[in-house]
Amino acid sequence: MNFLIERNQLLEKLDDLIKANPENEILISLKNILYRQDSILKLDGALSRAIVDSLDIELDIGNKILSFEQYYKNPLNVVESEELKKVIKYLINKKITINFIGKAWSNVDSVWIYFDTILNISKLREKLSLSDNIIEHKNTDPRSGLELGFIDKITNEGVMGNFKI
C-alpha cells in the first residue's frame, strides 16, 4: 500500500462526490483536511473527528477515510519487511520519535522511516536477530543528511537514525 497513492484516490472520490453535491460543506471540509495530510506523520485524527462530528456524511467515503487514517497511523503498516518491522516496533516501544516516513531519496521508491536517535547498529542486529538481508546503510555527506541505519535488500525499505561524524 502507498500512502500518497491511496490519499490521492480518496481525494478523487471526494471530488466526484463534491461535483454531485456542490453544497455539501462537510465533503468540502473533508477534502481540505485530507489534502493537508501529505505525510503519514501529519495524521492526527482530524479526519476521524470530522467524520464522527458529521453523522450525515456519505457512509461509503466516510468509512474509507476512517480506514485510511487508522491504517496509516501505524508505522508498522507502511513497510513490508518483517525484519524492519521488528526494528520499528522496538524503537517505538522505546518511545523514540519518528522524524520522517516516506520516500527519502529520489532514486529510492521504497518507504524509509527516520527516528530521532543514534542507532546502535550492532546491538540492534544482535538483539533482534536480523538476517543478512538487512544491511547497514551509512551516509556521511553533511550536504545530503547524516544517517545511519538498516536497509532491507529485498524490499529496499529503510530504518534510519541520526549519525554524528
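Student: What share of the contacts in the chain with a separation of 6 or more comes from residues 24 or more positions apart?
Tutor: This is a predicted model, so every value here is computed from it. Take the contacts with a separation of 6 or more. Residues 24 or more positions apart account for 52%.

Student: In what order do the helices and strands run from the N terminus on?
Tutor: The chain has six helices and five strands. Read them from the N terminus on, and the order is α-α-α-α-α-β-β-α-β-β-β.

Student: What percentage of the residues count as buried?
Tutor: Buried means under 20% relative accessible area. The chain has 165 residues. Of these, the buried share is 43%.

Student: Which residues does Ile65 contact, leaving aside its neighbours within four places in sequence?
Tutor: Leave aside its neighbours within four places in sequence. Its contacts are then Leu10, Leu14, Leu30, Leu47 and Ile51.

Student: Is strand β2 largely enclosed or largely open?
Tutor: Count its buried residues. Strand β2 covers residues 112-118, and five of the seven are buried. So the rest of the structure leaves β2 largely enclosed.

Student: Which residue of β2 is the bridge partner of Ile98?
Tutor: Strand β1 (residues 98-102) and β2 run antiparallel. Four bridges join them. In β2, the partner of Ile98 is Phe115.

Student: Which residue in β5 stands opposite Tyr114?
Tutor: Look at how β2 meets strand β5 (residues 158-162). Four bridges join the two, which run parallel. Opposite Tyr114 stands Met160.

Student: Does Ala46 count as buried or exposed?
Tutor: Ala46 lies in helix α3 (residues 46-53). The cut-off for buried is under 20% relative accessible area. Ala46 has 18% relative accessibility, so it counts as buried.

Student: What distance separates the C-alpha atoms of Ala46 and Glu69?
Tutor: Ala46 touches Ile33 and Glu69, not counting residues up to four places away in sequence. Along the chain, Ala46 and Glu69 are 23 residues apart. Their C-alpha atoms are separated by 9.2 Å.

Student: Does Ser129 count as buried or exposed?
Tutor: Ser129 lies in the loop between α6 (121-127) and β3 (134-139). Its phi is near 50°, a positive value in a residue other than glycine. Exposed means over 50%. At 55% relative accessibility, Ser129 therefore counts as exposed.

Student: What is the phi of Asn156?
Tutor: Asn156 sits in the loop between β4 (147-152) and β5. At 42% relative accessibility, Asn156 counts as partly exposed. Asn156 is not a glycine, yet its phi is positive, at about 65°.

Student: How far apart do the centres of the positive and negative side chains lie?
Tutor: The chain has 22 positive and 25 negative side chains.

Key: Residues numbered from 1 in each chain as written. Predicted model: local features only at pLDDT ≥ 70, side-chain atom pairs only at ≥ 80, totals over all residues. Heavy atoms only, no water. Contact = heavy atoms within 4.5 Å. Buried < 20%, exposed > 50% of the residue type's maximum accessible area, 1.4 Å probe, protein only. Lys, Arg positive; Asp, Glu negative; His and termini not counted. Charge placed at Lys NZ, Arg CZ, Asp CG, Glu CD. Pairing = 2+ DSSP bridges.
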